[in-house]
Amino acid sequence: MNSPGRPDVADRVLVWDLPLRLFHWTLLVLVTVAFITALVGGKAMVLHGRAGVGIAGLLIFRLVWGIAGSTYARFAHFVRSPHAVGDYLAGRWEGIGHNPLGALSVLAMLAALAVQVATGLSANDDIAFNGPLYPLVARDMSNLLTELHGINAWIVGTLIVLHVAAIAFYASVKKENLVLPMVHGWKVRRNASEASHRGGGIVALIVALTLALAAAWGASGKWIS
Amino acid sequence: MKRCASVTTTLLLGLAFSSAAMAVTTEDAIKYRKSVMAAQQWHMLAMGAMVKGDTPYDKADFERRAESVAHLNKMFMEGFTVAGADKGESRAKPEVWATMEKFKGGAEKLGVESAKLVQAAQSGDMKAIKTQYGDVQGVCKGCHDSFQRKER
């Protein structure tokens, strides 16, 4: 929503809603924790597992929010055809929110993180840590999932590096700060047709949070007797 | 003829009694050392559950398990040092044998830390136990990082 007293034809538009922004920064923290605890290992593995369960919940939240959330958070809004990606690379794209190439990177990161969570939940470290869903699979399967988990970590890391590089590129070359909009949600208006986001109200939020918490509960394995 | 028979008999008897040491296969050596370490993991997991509070802490049980891990420590090395142990398919990297002194050093460090865990277990002091349990985990990981292939 716009701040009071400012008509919609103001010098800035509200692009990213608060739940989305909270999602983004919480994900950043948990993924960082997951990487560090994985490298440290040993007694840090318990925290690693908890970070993974948290990320599972966040991913489900984003999935639901991508369907029921506000305008620019919705997948239907920013997921575009390869043609649109070509337009963007040729400089012909004009829009707000995720550009077509950025959209692909969002999907790639979400998918890679989903694979990481799925493989990690029943992985084992040969020493004293089993993922929370380890009892659900055979040992051989756990070993295979553990190996995939290790390989996919490189994919996640690469995508994150590319993501940060893209943000840096926008800042230094295109002189556009993309970090601040993800913090406070506002971006400078470029033309009269740009509008602040709509939708993503309290009902959508409750549904998304409920499903996210259910997913985290499922991932935690606490229901396994 | 008699001389031929006695020579043959001597040779046969000699062969029968000379192999007093059982010949071990590479496959058995790999299976043995994996089993010993799997047994360590079994006890580590059970202790870990008590450390995390997932299962109730039982002092006697924890002590028994810490002693098992310490004892199992003394058992796995021969699975790496017998003839043919460096062959076959396993996750042991060639570094185990190329830097055997370092590998043995790692095993000794595990011996020291697991002995400390036994002492902590005997004290019943959960804070000391938690710290020492974490240290044992760290030593396991240290050797794995250097000597165990990630591919399964």
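**Where the chains meet**

I began with the contact between the chains, which takes 14 residues from chain B and 13 residues from chain A. I count two residues as in contact if their C-beta atoms, placed from the backbone, lie within 7 Å. On the side of chain B that touches chain A, helix H2 (26–52) and helix H7 (126–147) of chain B are the elements that give two or more residues. H7(B) gives the most to that side, with six residues. By class, I noted three nonpolar, six polar and five charged residues on the side of chain B that touches chain A. For these classes, Ala, Val, Leu, Ile, Met, Phe, Trp, Tyr, Cys and Pro count as nonpolar, Asp, Glu, Lys and Arg as charged, and the others, Gly among them, as polar.

A note on ground rules: this is a predicted model, where local features need pLDDT of at least 70 and side-chain atom pairs count only at pLDDT 80 or more, while totals for chains, interfaces and linings use all residues. Residues are numbered from 1 along each chain as its sequence is written, and chains are lettered from A and ligands numbered from 1 in the order in which they are written. Helices (H or I, at least four residues) and strands (E, at least two) are DSSP runs, numbered from the N terminus.

**Cores**

Which residues have the most contacts inside the largest nonpolar core? I found A:Ile55, A:Ala56, A:Leu58, A:Leu59, A:Phe61 and A:Ala212, in a core of 32 residues. Strand S1 (12–14), H1, H2, H5 and helix H8 (202–220) of chain A each give two or more residues to this core. H2(A) gives the most, with nine residues. Apart from this core lies another, of 22 residues, among them A:Met45, A:Ile127, B:Phe62 and B:Leu110. A nonpolar core here is a set of buried Ala, Val, Leu, Ile, Met, Phe, Trp, Tyr and Cys residues joined through C-beta atoms within 7 Å. Buried means 20 or more other C-beta atoms within 10 Å of a residue's own, exposed 12 or fewer, and partly exposed in between, with C-beta atoms placed from the backbone.

I then followed A:Phe61: beyond its neighbours within four places in sequence, A:Phe61 is in contact with A:Phe23, A:Ala208, A:Leu209 and A:Ala212.

H2(A) (residues 45–68) is mostly covered, with 17 of its 24 residues buried.

Next came H8(A), whose buried residues are A:Ala208, A:Ala212, A:Ala215, A:Ala216 and A:Ala219. Down the helix axis they fall within an arc of 100 degrees (taken from the directions from the axis to the C-beta atoms), so they line one face of H8(A). These buried residues pack against H2 of chain A. The face turned away from the buried side carries the exposed residues A:Ile202, A:Val203, A:Ile206 and A:Ala214. Just after H8(A), A:Gly221 takes a positive phi of about 70 degrees.

**Loops with positive phi**

A:Asp126 is not a glycine, yet has a positive phi of about 70 degrees. A:Asp126 sits in the loop between helix H5 (100–120) and helix H6 (139–172) of chain A, and is partly exposed, with 19 other C-beta atoms within 10 Å. A:Lys175, in the loop between H6 and helix H7 (179–184) of chain A, has a positive phi near 55 degrees. A:Lys175 is exposed, with 7 other C-beta atoms within 10 Å.
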